Amino acid sequence: MSETMPLEQMPITDDLDKLLEILPNSIRESIEQHPQKNQLVEVVMDLGRIPEARFSDGTADLGDQPMTKADLDHCIQRVGHFSGDNRAGIERTLHRISAMRNRGGEIIGLTCRIGRAIFGTITMIRELVESGQSILLLGRPGVGKTTALREIARVLADDLHKRVVIIDTSNEIAGDGDIPHPAIGRARRMQVSRPELQHQVMIEAVENHMPEVIVIDEIGTELEALAARTIAERGVQLVGTAHGNRLENLIKNPTLSDLVGGIQAVTLGDDEARRRNSQKTVLERKAPPTFAIAIEMLEKQRWVIHEDVAQTIDALLRGYATPQQIRTVNGQGNVEITEEPGYTTNQVNLRESPLKPTGWRASGRMTPIPSEESQQFDTLLEQSWQQKEAQTNKIRVPGPSGEDWPVYLYPYGIARSQLEQIINILNLPVVLTKDFENADAVLALRSQVKTNNKLRQMAKNYQIPIYGIKSNSIPQISYSLKQMLNLEESQSSEAEDLRLFTQAGNDDEIEALEEARLAVEQIVIPRQQPVELLPRSPKVRKMQHELVEHYHLQSDSFGEEPNRRLRIYPA
């Protein structure tokens with residue numbers, strides 16, 4: 001992870017002068033003369049009360065005269081239109097002005113929140129942002145969720161060159177007005193006419209604008225949570241915030257619990273209850289989480305990272321004290337990663353695998369490598385490509401066209417277990433190797449190939465071809481392996497192909513996949529008609545989506561649980 005810097009040293013754009021211009025003269029002068037002007041968080045103005053400035057470490061009165069109706073009107077006339085959520089802004093700035101009204105609808109109070117674009121705030125989680133997985137930010141108001149969201153959108157759009165669309169319900173992410181604030185970079189912004197329509201705009205963004213990333217602030221309703229799940233099932237990366245300080249809050253919130261997979265009561269059999277040493281009725285996760293990664297923002301630069309939300313939720317529901325990975329930035333600008341104590345040894349034995357992460361990232365402090373050690377680091381990096389395996393005789397046999405089989409494949413950025421499953425099911429003459437120099441080919445994600453000059457240079461030096469795939473999906477991997485071996489698509493049997501897309505391989509999964517296959521082969525392709533399948537669970541629907549993609553067709557999910565189902569469209 002690269003070096004970051006303390007918060008006070010990061011480049012900040014706050015356009016504070018534009019906010020001061022809307023305030024009455026006496027209030028503006030008091031703020032300009034205040035020694036903590038740059039740490040200002042909010043200005044609160046209530047009718048009949050002395051205006052107040054709020055800072056991160058306290059408050060201060062702005063003068064000694066109570067606010068009058070004329071003072072409030074002075075501010076209201078200089079800001080934009082107040083929308084249905086009683087929020088307005090100042091054009092081309094990130095400031096937010098929120099109104100309090102009386103029973104007659106008249107504004108009797110204003111809260112002016114200072115919006116700041118702070119560049120570099122997400123350096124300590126940059127590798128998570130680049131992973132392509134959906135990320136959920138949690139935290140109390142004012143901790144910096146929207147600021148981090150804005151910076152994530154800029155990094156994804158400008159540095160990683162992805163198609164990013166921001167759903168900006170209150171114009172807080174990209175500022176007020178029709179022209180977005182420069183802080184979001186090349187990301188696009190969709191405004192929402194009324195807050196209750198946010199879920200519709202989320203779906204519209206995916207259907208009309210082909211985004212690779214959707215950024216959402218304040219997911220707060222059940223419809224928005226369902227829209228987020230629909231977007232995630234279509235393979236779009238989600239980055240969003242939700243109401244709640246910790247993951248435990250989402251579990252207890254029936255409206256938003258679907259973001260972490262949903263919770264359901266399950267009755268266990270006698271044997272299973274004894275094995276778990278629990279009651280017969282327990283709570284379990286209902287579906288895969290919409291967001292694979294969760295970040296609890298405890299303070300400005302002290303974040304708790306959950307890199308596997310599904311595993312964390314399962315542990316919490318079973319009563320385990322999950323370990324917490326905490327990332328902070330010290331005074332020297334170095335990222336520190338620490339682990340708080342977790343569950344006991346007996347609890348670990350109840351699980352198939354421990355929750356505690358291992359490896360160098362969990363070891364503690366992470367600091368940049370000193371310049372005098374850079375040569376040694378380059379040597380270590382060079383050696384990492386050549387992981388010698390146990391000495392074996394690499395026997396080659398002629399293939400159907402005279403080529404040498406098996407093919408020794410070096411996977412880069414692709415799950416080795418998934419590759420082995422596909423190779424075994426399709427019975428392909430491919431052997432995975434960790435020795436780059438003796439490999440026959442490299443299989444890697446296209447996004448990794450674009451950004452990794454070292455990989456391209458080594459492949460060129462050893463004259464090893466690189467096969468790039470767009471995503472880690474089963475159709476993409478199996479198609480590339482067959483292309484590598486010059487095999488025809490129809491060379492595998494139907495039963496083998498269906499087994500590729502299953503996880504547990506049970507009858508329910510096979511039946512659902514067979515239903516999708518028959519629909520495609522007997523109706524969608526020959527008759528060019530769309531087909532609706534039977535309702536299935538989210539996990540099974542995802543398998544059906546992958547099978548449909550294998551036929552180069554489009555599909556989407558519609559309806560509400562438990563009647564949510566797939567619709568397959570002709571090409």
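Biologist: What makes Arg565 and Glu532 a salt bridge?

Modeller: This is a predicted model, and the contact is computed from it. The N to O distance between the side chains of Arg565 and Glu532 is 3.6 Å. The cut-off is within 4 Å, so the pair counts as a salt bridge. Arg565 is in strand E28 and Glu532 in strand E26, 33 residues apart, and the pair links distant parts of the chain.

Biologist: Why is Glu532 called partly exposed?

Modeller: Its relative accessible area is 43%. Buried means under 20% and exposed means over 50%. The value for Glu532 falls in between, so the label is partly exposed. Arg565, at 22%, is also partly exposed by that rule.

Biologist: What does the charged end of Arg567 sit over?

Modeller: The ring of Phe558. The charged end of Arg567 is 3.9 Å from the centre of that ring. The distance limit for this label is within 6 Å.

Biologist: What makes the pair of Arg536 and Glu515 a tie between separate parts of the chain?

Modeller: Arg536 lies in the loop between strand E26 (531-532) and helix H19 (538-550). Glu515 lies in helix H18 (residues 507-527). The salt bridge itself is 2.8 Å, N to O. Arg536 and Glu515 are both buried.

Biologist: How many salt bridges does the rule give?

Modeller: The count comes to 30. Some share partners: Glu42, Glu52, Arg54 and Arg113 are joined into one network.

Biologist: Now the rings. Why is the pair of Tyr410 and Phe436 called edge-to-face?

Modeller: The ring centres are 5.0 Å apart and the planes stand at 75°. Pairing needs centres within 6.5 Å, and edge-to-face needs planes over 60 degrees apart. Both conditions hold, so Tyr410 and Phe436 are an edge-to-face pair.

Biologist: Where do Tyr410 and Phe436 lie?

Modeller: Tyr410 is in strand E22 (residues 407-412). Phe436 is in the loop between strand E23 (430-432) and strand E24 (441-445).

Biologist: How do you know whether Tyr410 is buried or exposed?

Modeller: Its relative accessibility is 9%. The limit for buried is under 20%, so Tyr410 is buried. Phe436, at 0%, is buried by that limit too.

Biologist: Which residues do the ring pairs link into a cluster?

Modeller: Tyr410, Phe436 and Tyr462. The structure holds two aromatic pairs.

Biologist: Which residues touch the most other members of the largest nonpolar core?

Modeller: Leu409, Leu428, Leu443, Ile477 and Leu481, out of 35 residues in that core. Elements that each supply at least two residues include E22, helix H13 (416-426), helix H16 (474-484) and E28. The largest share, five residues, comes from H18.

Biologist: Which residues make the nonpolar surface patch?

Modeller: Leu47, Met100 and Ile108 make a patch of about 250 Å². Met100 is in strand E6 (residues 96-101). At 47% relative accessibility, Met100 counts as partly exposed. Patch members need over 30%, so Met100 passes on accessibility.

Biologist: Where is Asn86, and what is its phi?

Modeller: Asn86 is in the loop between helix H3 (69-76) and strand E5 (87-89). Its phi is positive, about 60°, and Asn86 is not a glycine. At 24% relative accessible area, Asn86 is partly exposed.

Biologist: Is the peptide bond from Glu561 to Pro562 cis or trans?

Modeller: The bond is cis, with omega near 5°. Pro562 sits in the loop between strand E27 (554-558) and strand E28 (565-569).

Notes: Residues numbered from 1 in each chain as written. Predicted model: local features only at pLDDT ≥ 70, side-chain atom pairs only at ≥ 80, totals over all residues. Heavy atoms only, no water. Phe/Tyr/Trp six-rings, centres within 6.5 Å; stacked < 30°, edge-to-face > 60°. Helix = DSSP H or I, 4+ residues; strand = E, 2+ residues; numbered from the N terminus. Buried < 20%, exposed > 50% of the residue type's maximum accessible area, 1.4 Å probe, protein only. Lys NZ or Arg CZ within 6 Å of the ring centre and 35° of its normal. Patch = residues over 30% accessible without salt bridge, like charges linked within 9 Å, V, L, I, M, F, W, Y side chains within 5 Å. Areas by Shrake-Rupley, 256 points an atom, 1.4 Å probe, with all protein chains shown as cover. Core = buried A, V, L, I, M, F, W, Y, C linked by side-chain atoms within 4.5 Å.
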